[in-house]
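Hello,

Here is the structure I promised to pass on. Please open it first, then read my notes below.

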Amino acid sequence: MKKSVTVSVNEKKLSAIEMYLEQKNTTLAAELEKYVDQLYGKVVPQNVRDFIDMMSDRKPARKPKNLAPDESEKQSEQ
């Protein structure tokens, strides 16, 4: 799951950033995402990153909430 972060930036500065990033064929969102990844690697300990990666790779082991068979399955049993 991803979360959003809101940052206040001077309108003229933001406009200049977006203009120059466009010349480099990139976006502010792409650059911020790279920076967040760098910051994550710098600040979060390796063992915690490994644990988060491990948990992200796992599929949920939950069973479906609907435990009763469908009507079509009931009819096929009869």
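Is Glu-31 buried, partly exposed or exposed? This is a predicted model, and in it Glu-31 is partly exposed, with a relative accessible area of 29%. The cut-offs are under 20% for buried and over 50% for exposed, so 29% falls in between.

Glu-31 also has a partner. It forms a salt bridge with Lys-34. The closest N and O atoms of the two are 3.2 Å apart. Side chains of opposite charge can pair when their charged atoms come close. Both residues sit in helix α2, which covers residues 28–43. They are three residues apart there, so about one helical turn separates them. Lys-34 is partly exposed too, at 48% relative accessible area. The structure holds one salt bridge, and this pair forms it.

Next, helix α1. It runs over residues 11–23, 13 residues in total. At 1.5 Å a residue it should span 18 Å. Its end C-alpha atoms are 19 Å apart, which agrees. Asn-10 caps the N-terminal end of α1. A side-chain oxygen of Asn-10 lies 2.8 Å from the backbone nitrogen of Lys-12. After α1 comes Asn-25, with a positive phi near 55°.

Last, confidence. The chain has a mean pLDDT of 86. Of its residues, 74% reach 70 or more. Among the elements, α1 has the highest mean, 98. Helix α4, residues 71–77, has the lowest, 55. Where pLDDT is low, the predicted coordinates should not be read in detail.

Best wishes

Key
Residues are numbered from 1 along each chain as its sequence is written. This is a predicted model: local features need pLDDT of at least 70, side-chain atom pairs count only at pLDDT 80 or more; totals for chains, interfaces and linings use all residues. Side-chain values use heavy atoms; hydrogens and water are left out. Helices (H or I, at least four residues) and strands (E, at least two) are DSSP runs, numbered from the N terminus. The expected span of a helix is 1.5 Å times one less than its number of residues. A polar contact is a pair of N or O atoms within 3.5 Å; within protein, one must be able to donate a hydrogen and the other to accept it, and residues adjacent in sequence count only if both atoms are side-chain atoms. pLDDT is the predictor's confidence in each residue, from 0 to 100. A salt bridge is a side-chain nitrogen of Lys or Arg within 4 Å of a carboxyl oxygen of Asp or Glu. Buried means under 20% relative accessible area, exposed over 50%, partly exposed in between (1.4 Å probe, protein chains only).
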